[in-house]
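The sequence and model are shown first, followed by the points grouped by topic.

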Amino acid sequence: MDSSSTRRQATRAKLYEAAVTLIAEQGFSATTVDEIAERAGVAKGTVYYNFKSKTELFEELLRHGVSLLTASLRAAAEETDERGGSRIDALDAMIRAGLVFIDRYPAFTQLYVAELWRTNRAWNSTLLVVRQEAVAVVEGVLREGVAAGELSEDIDVQLTAAALVGMVLVAALDWQAFQSERSLDDVHAALSRLLHGRVGGR
């Protein structure tokens, strides 16, 4: 990769970080390109050099953020497989990876979850695509678990995958907003118990 590409990636990363923080704080409509440029420490023209509009910047922000989450989930599953772990172990590792991601990028997670509930945005189609990319990684592990006999053939793979991803997102946001005194290990342990079906006391 040449130096110009490296610089452009670094600039985009600063713009992503500035945009996600501002939009999470005050909303998309209230956030201006001037504010994003100022927060990122670049000229306003730099924003438009990298993105045609604020909307395009936000769409690319969603793609960038969810791609990082997807990569972390996939890496957790692959590392578990390399260690010879089960598919349940892989799902557990993916839960932890999701929590680590959310702990590292809380503003993006807050923004992403909020946007999932809105239906009148220009980027809804983009949001649906990137959401499915993340959920598909979990679906793949669930299907492998069913094929290996580790999981029941009766499970609804699509719904279960969506439920697992949703569980991590919502639990992590609740942790950060209302139970910040808890450690990541505490939250992971609680969700791990749910995954292993130990909530009922058996």
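Buried area is the accessible area, taken with a 1.4 Å probe, that two parts lose on being put together, summed over both. By this definition, domain 1 and domain 2 bury about 1300 Å² between them, and 78% of that area lies on carbon and sulfur atoms. The model is predicted: local features need pLDDT of at least 70, side-chain atom pairs count only at pLDDT 80 or more, and totals for chains, interfaces and linings use all residues. Residues are numbered from 1 along each chain as its sequence is written, and side-chain values use heavy atoms, with hydrogens and water left out.

**Domains**
- The protein chain is divided into domain 1 (1-51) and domain 2 (54-196), with bounds from an automatic or database domain assignment.
- The centres of domain 1 and domain 2, taken over C-alpha atoms, are 26 Å apart.
- Domain 1 and domain 2 each give 14 residues to the contact (heavy atoms within 4.5 Å).

**The domain 1 side**
- The elements that give two or more residues to the side of domain 1 that touches domain 2 are α1 (3-26), α2 (33-40) and α3 (44-50); helices are DSSP runs (H or I) of at least four residues, numbered from the N terminus.
- With six residues, α1 gives the most to this side.
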